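Keep the sequence and the model side by side as you read.

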Amino acid sequence: MKILPTRAASVSRQGLCTALLVASLTAAVGVSPPHNTADADDPAKDPKNPQGMPHGTPNLTLPDLRPNGRPGLPGASGPGKEDTKDAATGIPATALDAYRKAAQRAAADMPGCHMPWELIAGIGQVETQHATYNGARMTADGTTDKPILGPQLDGNGFATVKDTDQGLWDGDTVYDKAVGPTQFLPSTWAQYGADGNGDGVKNPNNIYDAALGTAKYLCAGGKDMNRPEDLDRAILSYNNSRSYVNAVTEWMRAYRQGNVPSLPDRTGVPSGNAPAGNAPSGNAPSRNVPSGSVPSGNTPSGNSPSTKPQPSKPVPPSPGTKPSTPPTKPPTKPEEPHKPTPPTPPAQANRLEPVGDGKAWATSAGETFKERARVLVKDKSGKPMAGARVRFVVSGDGAAFTDGSTELTVTTGKDGTAEALPVVAGLKIGKVKVAATVVGRDLPAVEFAGTVSVLAAEQVVVVGEPKLQADPNSAFADRFTVKVLTKDGKDVVGSAITATVTKADGTTPATEAGKAIGPYFKGPDGKRTWRLEAGTTDKDGVLALPTLLTDGKSGEYVLNVTTADGKVRSFRLTVKAPTVPPPAPAATATPKA
């Protein structure tokens, strides 16, 4: 690899002790809680892990972060030198958004991993320069307009990895190739692939999916990025090279310093990203070209030496003819050089507005809201903007979209609007909220609010035929199960149930000296109780009470099952008296001889 002169000082740092580098990075994250032992799904534990074997030549150029200075005085402070740090650490807006979203998901799904987005960005930079290798561009949803493919892993300079995906992702049915912005092998993607943009597809060519898949892969096996040894093992499992670890951690350090400009995206046109057939699609680097982020602009385009046009030779005049004399023209004023018209910058979302009457939503527990979250995206001129990506997130006790997710991304249509799936309420009363934001733009969120209530209960019926008698110091054989219905016989979902045990009169609590006697439940604290908040009915209006236990007190008791509306179902219980064993027969005296 050719290293630019301005990078020479940076590259020489690769000989530094990596342990000190990793330790300094993890110190900035925080103190790690007790660590979980790596389990069987940890790729770092597998010496034959194909992802860690040579599968390409990553770009190991380190960031050049020298401070500003005047020309001729490298490193000295003062004006006159362009801020190379901004250029070195800038990340395209979509890639930056994808890395941060992946870290947020990792924090929710794998909190013990402590995954920093800067680590994912370091992988993305070293592998494909944030999905821009070989002129690739990203479409509106974060998918590269053409596949980024590594070399064929046929053992010639790289590992030997036979085909595992029937050419689905890499277009090769004989050997595998690394695929996408973070260069996953198809077999690794099959295990760690993720849906990072909520479109229901796990696509290694999509920066959101690839970034989340990278986080899952690095965290696998219970690794904690706050621990230097885990961070080191995680990166080595991605590419078993100490130089690779140095490069990734140096970029991670650079991004951690905080100066990470969001660069404009170079929008691409979707191509399907499905390589066809056995042969490379033309996007893959050769075995001698790095599979990481080698800028394609370093190779001159145009005619090769073999096809370089030769200068034409002058043709001599024919015999007997006079050489023509070119007419003399008066000197003219030289034309002004043509000034190229600057390209029109791509439109950006400037405003997010709700669509609808603005009224609060309302439904019953377990039911689907009739209303749907719908927003309008406008550009700076106030016109509706097509192709903007809007993320909808639903929150509330048990609430979710109809596909079971709590987060999804929708692209605006020609009219600039995006609409989320309907929302299904949870099984408890309370509030539901849907928040809409524009991906990659720091615009105020639009929120939709809903209220979840419970249908009015009219009757409580018994499910099954529970036995109403039990022995002392034992338990009732059957759990008491009830079903709550409305006046017209509809199931009441989310009805709160209270169970109480009384004496035979049905009203006096079954207690003595403040302690429960007779049949009792175990409360949340594990102690006996005659009154229990038993929970809420399920989607069918049914609730099974916990097991009802007995002590040594026999007699008649009543179990009342009461809804929040005051509807009651009573069970008359009997705790049988202890069984007295028959007396032992008296011993018969043996007559003496």
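Contact here means heavy atoms within 4.5 Å. This is a predicted model, in which local features need pLDDT of at least 70 and side-chain atom pairs count only at pLDDT 80 or more, while totals for chains, interfaces and linings use all residues. Residues are numbered from 1 along each chain as its sequence is written, and side-chain values use heavy atoms, with hydrogens and water left out.

## Ile207 and the nonpolar cores

Let us start with one residue. Leaving aside neighbours within four places in sequence, Ile207 touches Thr94, Ala95, Ala98, Tyr99, Ala131, Met138, Gly142 and Pro181. Ile207 is also among the residues with the most contacts inside the largest nonpolar core, together with Ile91, Tyr99, Met115, Trp117 and Leu119. That core has 53 residues. A nonpolar core is a set of buried Ala, Val, Leu, Ile, Met, Phe, Trp, Tyr and Cys residues joined through side-chain atoms within 4.5 Å; buried means under 20% relative accessible area, exposed over 50%, and partly exposed in between, with a 1.4 Å probe and protein chains only.

Two or more residues each come from α4 (93-109), α5 (117-128), α6 (186-192), α7 (207-219), α8 and α9 (242-256). Helix α7 gives the most, with eight residues. Helices (H or I, at least four residues) and strands (E, at least two) are DSSP runs, numbered from the N terminus. Apart from this core lies another, of 29 residues, including Val390, Val438, Val446 and Val452.

## A mostly covered helix

How many residues of helix α8 are buried? Eight of the eleven in this helix, which spans residues 228-238, are buried. They are Asp230, Leu231, Asp232, Ala234, Ile235, Leu236, Ser237 and Tyr238.

## The disulfide

The structure holds one disulfide (a pair of cysteine sulfur atoms within 2.5 Å). Its partners are Cys113 and Cys219, with sulfur atoms 1.9 Å apart. The link of Cys113 and Cys219 is left-handed, at -80 degrees about the S-S bond. It joins distant parts of the chain: Cys113 sits in the loop between α4 and α5, and Cys219 in helix α7, 106 residues apart. Both Cys113 and Cys219 are buried.

## A three-stranded sheet

Further along, an open sheet of three strands runs in the order β3-β5-β9, with antiparallel pairing. Two strands pair if DSSP finds at least two bridges between them. The edge strands, β3 (351-354) and β9 (417-419), each pair on one side only.

Strand β5 (residues 374-378) and β3 pair in the antiparallel sense over four bridges. Within these strands, Arg351 stands opposite Lys378 in β5.
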